[in-house]
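Here is a short briefing on one structure. Please keep the sequence and the 3D view open while you read.

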Amino acid sequence: MKKKFTIAFVVVVLSFVVIMAHDKVFSLSKNNEKNDNYLTLKEKLKILGNINEKIDYFNTDYIDRYIKYKSTHPNKSNSNIVLEVNIGLDQEFYTNIKKSSNVDTTFVLVNKFNYLDEDYIPSKLETIDANYSLGEKKLVNVARISFEFLAKKAKEDGYNIRAVSTYRSYDYQTTLYNNYAKEDGVNNADQYSARPGFSEHQTGLAVDIDNVDNDYMHFENTTEFTWMQENAYKYGFILRYPKDKEYITGYTYEPWHYRYVGVDIASFIYKNKITYEEYYAKYIMK
Ligand SMILES: [Zn+2]
């Protein structure tokens, strides 16, 4: 009888201890949650100096990232804090990735934060006039037409512009990237080649060019490059990976790679000397 009583007593005490411990842990985690979300939106906006009122591309969803980025980059202007976080530059390339929106339009943004599906093939892919391409090369309808206008005008002015790489399928990009990574290592390959799904060439809106006589890698030193610098935007094309913008685009300078965005956007980007990432984050992204 006494033994039974002792066992019952021990069970009651143990249960009590377990319940207390659980409550303690539970209340601790609850407190932590409360601390993380302690500041109200109004207080967070105040920390940022209410810059939301002055910057129309301010996105409340990113407010914690703005605060964190500002604390690690105190010398950046508020507009750059907001712009760079909107682009995703507070995170490493190829992290925090999301599926591209505006797919199958000339607005689509594909970069190291925004990818296309493995099975995505643009509609309206058309073959470029053989006079202006190396072998059979395809671009999306509007880009194909504009590229031919551009190349034709260049020819009239005495210059040769030829498409050497245009639309590339997901599978082709996989082979290309894997070969570079095997030869050169992943870190080096990432500087000049896109991982599959992250290549702008899969949109059918990007074109690598040469001047027929020199390899595209030497395009910068040709008179055709000078012509492109002065005229590409008039046909809706932008130099997609400019010099000194590597930290935004994630790619080293590529004088041969152009992207069709339409005449209005190309003219704006050309005149303001910005990248498509900056334009997109300011004017297209919601
Ligand atoms: Zn390219």
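In this predicted model, helix H3 packs against helix H4 through a defined set of residues: Arg65, Tyr66, Tyr69 and Lys70 of H3 contact Asn78, Ile81, Val82, Glu84, Val85 and Asn86 of H4. A zinc ion is held by protein donors from His201, Asp208 and His257.

**Helices H3 and H4**
- H3 covers residues 63-72, and H4 covers residues 78-87.
- Their axes come within 10 Å and cross at roughly 120 degrees. That angle makes H3 oblique to H4.
- The H3–H4 crossing is right-handed.

**Helices H10 and H11**
- H10 spans residues 263-272, and H11 spans residues 276-284.
- The two axes come within 10 Å, with a crossing angle of roughly 115 degrees. H10 and H11 are therefore roughly perpendicular to each other.
- This crossing, between H10 and H11, is right-handed.

**Zinc site**
- Angles among the 4 donor atoms run from 53 to 149 degrees, and the site is irregular. Tetrahedral would need all angles between 85 and 135 degrees.
- For four tetrahedral donors, the ideal angle is 109.5 degrees.
- Along the sequence, the donor residues follow the spacing H-x6-D-x48-H.
- Histidine 201 and aspartate 208 are both buried.

Note on methods:
Residues are numbered from 1 along each chain as its sequence is written. This is a predicted model: local features need pLDDT of at least 70, side-chain atom pairs count only at pLDDT 80 or more; totals for chains, interfaces and linings use all residues. Side-chain values use heavy atoms; hydrogens and water are left out. Donors are N, O and S atoms within 2.8 Å of the metal (3.2 Å for Na, K and Ca); water is not among the atoms, so sites may look incomplete. Four donors count as tetrahedral if all angles lie between 85 and 135 degrees; four count as square planar and six as octahedral if opposite donors are over 155 degrees apart and all others between 65 and 115; anything else is irregular. Buried means under 20% relative accessible area, exposed over 50%, partly exposed in between (1.4 Å probe, protein chains only). Axes are lines fitted to C-alpha atoms, for helices over the stretch in contact, and angles run from 0 to 180 degrees between N-to-C directions. Helices (H or I, at least four residues) and strands (E, at least two) are DSSP runs, numbered from the N terminus. Angles under 35 degrees count as roughly parallel, over 145 as roughly antiparallel, 65 to 115 as roughly perpendicular and the rest as oblique. A crossing is left-handed if the near helix is turned anticlockwise from the far one by less than a right angle, and right-handed if clockwise. Contact means heavy atoms within 4.5 Å.
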